[in-house]
Amino acid sequence: MAETIDDSKNVELTEEDLETKSKGQLIKRAGQLRDRRNELNQMASERASKRDELNAKTREKVDEAQEHREKRDELNEQVQEHKQKRNELNAKANELFSKVDDAKSDLDLDDGKSLEQLKEEIEQLEFRQQTEVLSAEDERELIEKIERKRDQYQERKQKLDETDGIDGLKEEAQEVRAEASKHHQKVTELADKAQEHHNQMIEAYREADDIRDDADAAHERFVEAQEAADRHHEDFVRVQKRLRELDKAEERERKDERAQKRAEAKKEAEEIYQKFKEGETLDTEDLMKLQKSGLL
């Protein structure tokens, strides 16, 4: 907790004190005011140092927050760049996959039996032809069925041979999609880092606000001590001014007293001189007074 000013140590001075206190009392009061002023000035200096230290820490935290802000913004720019690239690549991949689907649709590859299925059916029909006793009509129909299956097999095989280009297109689409995934991964990674810097920025600003509040409080304590010191200094100056006035008054009194003594001495010397002129006998003291006055 910050040191508070002990008001009981403060020195008070009223107009009545200035008018009624003796010179000795005022000299003592001036010393008390000077000492208390110096104590308060020292306290104000310490509080100003504390305030300046806190203000410096506030600036450090603000600078730290600014650094996190700049880093966050830089990362967010990179996020946008990777997002744009990812979206472009995904659009390209979608276009390529669409071309693959269109090519498959044109070749009718998604419908019908596989080559293995057709080959198995042909073999079964041929085995039946070889092992079963059929009428001429049934055998003719079986042979025609075998021929149709063989035609289907050849047609299917020819279509599949034409899919080499589709496979290449599909492979390219998959590669583009994989590249898009890499950019998406970068988006996630960079966005997480940007969020970290954003959180650190918010925390640094919060700490700066807390320290600034402490600095403001320290400044108020500095002002309190400085104003008290200034008040004591002003009273000290008032006492010094009053002491100078008393010194001048004393000097005037001394001058008046000396003048009065000189006048009295002169008057006395003139009276002695008059006695001398009238022939009266003067003693040694009277002669010394006449010499001192310059009349002899």
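Is Arg 51 buried or exposed, going by its relative accessibility? I looked this up before anything else. Arg 51 comes out buried because its relative accessibility is 17%. My cut-offs: buried means under 20% relative accessible area, exposed over 50%, and partly exposed in between, with a 1.4 Å probe and protein chains only.

**Ground rules.** I'm working on a predicted model, where local features need pLDDT of at least 70 and side-chain atom pairs count only at pLDDT 80 or more, while totals for chains, interfaces and linings use all residues. Residues are numbered from 1 along each chain as its sequence is written, and side-chain values use heavy atoms, with hydrogens and water left out.

**Arg 51.** I found Arg 51 in helix H2, which spans residues 23-107. Helices here are DSSP runs of H or I with at least four residues (strands are E, at least two), numbered from the N terminus. I then listed what Arg 51 touches, skipping residues up to four places away in sequence: Ala 215, Ala 218, His 219 and Phe 222. Contact means heavy atoms within 4.5 Å.

**Arg 242.** Next I checked another arginine, Arg 242, which sits in helix H5, residues 164-277. Arg 242 counts as buried because its relative accessibility is 19%.

**Leu 26 to Glu 60.** Leu 26 made me check a distance: Glu 60 and Leu 26 are 34 residues apart in sequence and 50 Å apart in space, C-alpha to C-alpha. Glu 60 is found in helix H2 and counts as exposed because its relative accessible area is 54%.

**Negative patch.** Which residues gather with Glu 60 in a patch of negative charge on the surface? I noted Asp 63, Glu 67 and Glu 70. Patches are made of residues with over 30% relative accessible area and no salt bridge, with like charges joined within 9 Å and nonpolar side chains (Val, Leu, Ile, Met, Phe, Trp, Tyr) within 5 Å. Glu 70 also belongs to helix H2, and at 51% relative accessibility Glu 70 is exposed.

**Salt bridges.** How many salt bridges does the structure hold? I get 34, taking a salt bridge as a side-chain nitrogen of Lys or Arg within 4 Å of a carboxyl oxygen of Asp or Glu. I looked at a few in helix H5.

- Glu 179 and Lys 182 meet through their side chains at 4.0 Å, N to O. They are separated by about one helical turn because they are three residues apart in helix H5. Glu 179 is partly exposed at 34%, whereas Lys 182 is exposed at 55%.
- Arg 254 and Glu 251 form a salt bridge at 2.7 Å, N to O. Both lie in helix H5, again three residues apart, about one turn. I have Arg 254 as partly exposed at 38% and Glu 251 as partly exposed at 28%.
- Glu 251 also pairs with Arg 258, at 3.6 Å, N to O. Arg 258 is partly exposed, with a relative accessible area of 38%.

Key: Accessible areas come from the Shrake-Rupley method with a 1.4 Å probe; for residues, only the protein chains shown count as cover. Lys and Arg count as positive and Asp and Glu as negative; His and the chain ends are not counted. The place of a charge is taken as NZ of Lys, CZ of Arg, CG of Asp or CD of Glu.
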